[in-house]
Amino acid sequence: MDTLQAIILGVVQGLTEFLPVSSSGHLQLANELLGTNLDPENNLTFSLTLHAATVLSTIVILWSEIWRLIKGLFSRTFTPEQAYVLKIVVSMIPVGIVGLFFKDYIEAAFSSIAVVGCMLLLTSILLSFAYYAKPRQKQDISYRDAFIIGLAQAVAVMPGLSRSGSTIATGLLLGNNKQSVAQFSFLMVLPPILGNALLDVLKGDFGGSVETVPLIAGFVAAFITGCIACKWMIDIVKRGKLIWFAVYCAVAAVIALVASIL
């Protein structure tokens with residue numbers, strides 16, 4: 001992998017981690033087009049580097065909220081911040097079970113361009129439902145809603161099914177406030193990403209073919225685009241413009257399905 005390929009993959013990861021278009025699906029499509037190999041089993045270091053960059057971009061953009069939650073955890077009384085963190089923990093239960101017991105099987109069984117196309121189409125349908133649904137605009141995400149949104153995140157382990165698209169759309173369909181759902185979606189993914197990275201570190205081989213310069217270039221590209229996409233996505237959800245991503249996912253799904261046949 002050369003530096004330009006690493007930058008392109010970093011940009012794809014940074015943008016698609018937050019935009020509701022599936023980072024795993026787009027990385028798989030990008031790998032096919034570029035002829036690179038981002039399979040974590042063969043290049044764990046580069047994969048972890050891109051994920052570290054998007055985690056850092058989330059922390060940077062949402063730092064004020066994260067710091068507020070951290071400070072609220074140390075209160076002697078049960079605070080709204082503690083309740084919020086507990087809801088994030090509740091949302092982690094489904095994806096934790098899937099990640100520990102089924103993730104490798106799912107990736108091995110369903111990592112094909114045809115499946116990516118089908119899951120992108122499902123993402124498009126889900127975003128369309130969320131766009132046309134009549135919102136109730138609940139201000140606070142309940143524990144029940146947090147768990148259901150967590151189920152959506154667990155299902156989004158499927159390559160091509162957008163994690164942010166699934167969680168945000170599910171939260172909106174449950175009648176939650178747009179900004180609250182977007183913020184919760186981006187915060188709730190931090191522990192699973194870090195947990196998954198830890199599992200990869202414990203079981204992985206840090207070999208691979210990516211040299212230092214492409215590795216750094218990929219990290220910087222993913223971090224910068226991740227910051228832009230995270231902030232942009234929160235504004236998009238607030239304005240209710242998810243339908244354009246539904247259209248994009250539908251087009252990408254058709255391309256992927258046609259490519260799988262040719």
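Ile-97 is found in helix 5, where helices (H or I, at least four residues) and strands (E, at least two) are DSSP runs numbered from the N terminus. At 43% relative accessibility, Ile-97 counts as partly exposed, since buried means under 20% relative accessible area, exposed means over 50%, and partly exposed falls in between (1.4 Å probe, protein chains only). This is a predicted model, so local features need pLDDT of at least 70 and side-chain atom pairs count only at pLDDT 80 or more, while totals for chains, interfaces and linings use all residues. Residues are numbered from 1 along each chain as its sequence is written, and side-chain values use heavy atoms, with hydrogens and water left out.

Ile-97 also belongs to a nonpolar surface patch of about 690 Å², together with Ile-93, Leu-100, Phe-101, Phe-102, Phe-147 and Leu-151. Patches of this sort are made of residues with over 30% relative accessible area and no salt bridge, with nonpolar side chains (Val, Leu, Ile, Met, Phe, Trp, Tyr) joined within 5 Å and like charges within 9 Å. A salt bridge here is a side-chain nitrogen of Lys or Arg within 4 Å of a carboxyl oxygen of Asp or Glu.

The axes of helix 5 and helix 8 come within 8 Å and cross at roughly 35 degrees; axes are lines fitted to C-alpha atoms, for helices over the stretch in contact, and angles run from 0 to 180 degrees between N-to-C directions. On the helix 5 side, the residues in contact (heavy atoms within 4.5 Å) include Leu-86, Val-90, Ile-93 and Val-98, and their partners in helix 8 include Ala-146, Phe-147, Gly-150 and Leu-151.

Elsewhere, Ser-124 lies in helix 7 (residues 113-132). With a relative accessible area of 7%, Ser-124 is buried. Leaving aside residues up to four places away in sequence, Ser-124 touches Ala-246, Val-247, Cys-249 and Ala-250.

As for the whole protein, the count is 13 helices and zero strands. Of its 262 residues, 50% count as buried. Among contacts with a separation of 6 or more, 82% come from residues 24 or more positions apart. The protein exposes about 12700 Å², and carbon and sulfur atoms supply 69% of that; accessible areas come from the Shrake-Rupley method with a 1.4 Å probe, and for residues only the protein chains shown count as cover.
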